[in-house]
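Q: I have a model open and want to learn how to read it. Can we go feature by feature?
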Amino acid sequence: MPLAKASRILFTLFVALGLGSCSKLVQYDPDEREVYDDFKESHLADSLFRNDNPASYERFVLGRKLFFDPDLSANSSTSCVSCHLPERAFADFVRISPGVHGPNGFRNSPTLINVGSRSVVNMDGGILHLDLQPATPIEDHDEMDISLVRLIERLSQDEKYQAMSLSAYDRPLDAFVITRALGQYCRSLVSRGSLYDDYISDSTTHRLTATEMMGMELFFSDRLGCSGCHGGRDFTDESFACVGNFDGDDQGRARITTLREDQGKFKVPTLRNIALTRPYMHDGSVYDLRAAMTHPLSIDTDHPNLDERLISFELSEDEILALEAFLHTLTDSSYLAHGLFVNEQGDVNKY
Ligand code: HEC
Ligand code: HEC
C-alpha cells in the first residue's frame with residue numbers, strides 16, 4: 001500500500017476513534033440545551049459576538065466549565081468564580097479579591113452581568129475585546145499566575161476538555177479555544193429582568209412605589225445629573241470620567257494612554273445590581289450604597305481632570321431614601337433562576 005494512502009487510512013481511523021470517544025465523554029444535557037436555545041433567542045440576539053466566535057451551546061458549556069475550574073490557576077486554588085461570585089452579580093464582596101498569592105491586586109472585582117454589551121473592557125479600557133480579556137487574569141501574577149502554555153499542557157491531559165474543545169471549536173484545546181470559550185460564557189451573562197425593566201416594559205401591570213418613582217425622577221433629573229454619565233440601558237454611557245476620588249496610585253485611563261488629562265479617569269460603571277455589588281468604586285474603598293450614590297457630593301474639587309458633568313446638589317433625608325429605593329429596583333435575580341450560568345453547585349465535572 002502506498003505510504004500516503006496508508007497514512008490517510010490511519011488518520012481517518014484516528015479521527016473516527018477520537019470522535020467516537022468524544023461523544024461518550026461528553027453527555028450534553030438535552031433539556032439544558034433547550035433552555036439555552038430559548039435563552040439565546042430571547043437574550044443574546046443583540047450581544048456583540050465576534051464573527052470567529054458565534055454563540056453555541058457547546059461553546060457556552062465549555063466556557064462555563066473553565067470559569068468554575070480552579071485548575072486555571074498556578075496552584076489550583078483560584079478560579080474565575082473565586083472573584084466573580086454568581087450570587088453577587090458576578091462581583092465580589094471583598095475590597096480586593098485574593099488571587100493565588102493573596103489579595104495583592106489593586107482593583108475591586110466588578111460585576112460581569114451584561115459585560116458583553118460593553119464596548120471596552122476593564123475600568124481603564126485597557127482591553128478592546130471581551131474574547132481577549134481572559135488571558136489577563138490567567139497570566140496575571142496577582143490573579144491566577146499561570147502561563148497559557150503551561151495551562152494548555154495541564155488541561156490537554158484531561159480527555160473531557162479535549163472532547164469538549166473538539167465539539168465546540170472543532171480543534172484541540174489551545175489558547176484560542178480557552179479564551180474564546182471564556183469570552184463566550186462572559187458574553188452570555190445577559191440579564192435585564194429587574195423591577196425597573198418590568199416597569200419600563202409595561203408600567204400598567206408593573207408598578208413602582210411612590211418612593212421608587214420619586215427616586216427615579218431624581219436620578220434622571222438635571223438637578224442631580226446622574227444619567228449624564230450613568231445613562232443607557234445598563235446605566236453607563238461607557239465614557240471615562242474622573243469623579244475626584246483618584247488616590248494617586250491608580251492612574252486609571254492614563255495607565256493605558258499615558259496622557260496627563262486621563263489621570264484618575266475610570267469607565268463609568270453600570271448601576272445594575274448595585275445593591276449586590278458592594279464594596280464600590282475602582283478600589284472598593286466605599287462600602288455603603290448611600291455614600292457611593294452621593295459620590296458627586298464628596299469630590300475633591302481641586303482635581304484638574306474633574307468631570308464637568310458632575311453637579312453639586314443638596315438632598316433631603318427623604319430624597320436620599322428615594323434615590324436608594326430606586327437603585328434597589330435595578331436588582332435582578334432572574335439570572336440565577338434559569339440555572340444556566342451556574343452548573344450544579346459550580347461542579348466543574350458535570351460534563
Ligand atoms: C483574583 C481575582 C480575579 C480573578 C481570579 C478573575 N478576575 Fe476578572 N476581574 C477582576 C478584577 C479586579 C477586575 C477589574 C480589572 C480592571 O478593571 O482593571 C476584573 C475584570 C474582569 C472583566 C472585565 C469587566 C468589565 O466590566 O470590564 C472580565 C470580563 C473578567 N474579569 C472575567 C474574568 C475571567 C473570565 C476570569 C477567569 C479566567 C477572571 N475574570 C478571573 C478580578 C478577578
Ligand atoms: C461625571 C460622570 C458621573 C456622574 C455625573 C455620576 N457618576 Fe456615579 N460614577 C461615575 C464613575 C466614573 C464612577 C466610578 C468611580 C471609580 O471607580 O472610582 C461612579 C460610581 C458610582 C457608583 C458606584 C458604582 C460601583 O459599582 O462601584 C454609584 C452607586 C454611582 N456612581 C451613582 C451615581 C449617582 C446616583 C449619581 C447622581 C447623583 C452619579 N453616580 C453621578 C461617574 C459619574
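Q: What geometry does the site of the iron atom of ligand 2 have?

A: Keep in mind that this model is predicted. To read a metal site, look at the angles among the donors. Six donors count as octahedral if opposite ones are over 155 degrees apart and all others lie between 65 and 115. Here the iron atom of ligand 2 has 6 donor atoms, with angles of 88 to 179 degrees, and its site is octahedral.

Q: Which residues coordinate the iron atom of ligand 2, and at what distances?

A: His-230 and His-295 do, each through NE2, at 2.0 to 2.1 Å.

Q: Where in the chain do His-230 and His-295 sit?

A: Place each residue against the helices and strands. His-230 is in the loop between helix H10 (210–219) and strand E1 (240–241). His-295 is in the loop between helix H12 (289–293) and helix H13 (317–328). The two are 65 residues apart, and the pair links distant parts of the chain.

Q: Are His-230 and His-295 buried or exposed?

A: Both are buried.

Q: What does the shell around ligand 1 contain?

A: It divides into 15 nonpolar, 9 polar and 3 charged residues. Of the 27 residues around ligand 1, those that come nearest are Cys-80, Cys-83, His-84, Asn-122 and Met-123. H4, H5 and helix H8 (175–187) each supply at least two residues of this shell.

Q: Which polar contacts involve oxygen atoms of ligand 1?

A: A polar backbone atom of Met-123 is 2.7 Å from an oxygen atom of ligand 1. An N or O atom in the side chain of Lys-267 is 2.9 Å from an oxygen atom of the ligand.

Q: Why does Ala-89 count as buried?

A: Buried means under 20% relative accessible area. Ala-89 counts as buried because its relative accessibility is 0%. Ala-89 is found in the loop between helix H4 (80–83) and helix H5 (135–139).

Q: Which residues is Ala-89 in contact with, beyond its neighbours within four places in sequence?

A: They are Thr-111, Leu-112, Ile-113, Asn-273, Leu-276, Thr-277 and Tyr-335. Take Leu-112: it is 23 residues from Ala-89 along the chain, yet their C-alpha atoms are separated by 6.8 Å.

Q: What caps the N-terminal end of H7?

A: Look for a side chain that reaches a backbone nitrogen. Asp-158 is the cap: a side-chain oxygen lies 2.8 Å from the backbone nitrogen of Lys-160. Just after H7, Asp-170 takes a positive phi of about 60 degrees. Among the buried residues of H7 (residues 159–169) are Tyr-161, Met-164 and Tyr-169.

Terms used:
Residues numbered from 1 in each chain as written. Chains lettered and ligands numbered in written order. Predicted model: local features only at pLDDT ≥ 70, side-chain atom pairs only at ≥ 80, totals over all residues. Heavy atoms only, no water. Donors = N, O, S within 2.8 Å, 3.2 Å for Na, K, Ca; no water. Tetrahedral: all angles 85-135°; square planar, octahedral: opposite > 155°, others 65-115°. Helix = DSSP H or I, 4+ residues; strand = E, 2+ residues; numbered from the N terminus. Buried < 20%, exposed > 50% of the residue type's maximum accessible area, 1.4 Å probe, protein only. Contact = heavy atoms within 4.5 Å. Near = heavy atom within 4 Å. Polar contact = N/O pair within 3.5 Å; in protein donor to acceptor, adjacent residues only side chain to side chain. Nonpolar A, V, L, I, M, F, W, Y, C, P; charged D, E, K, R; others polar.
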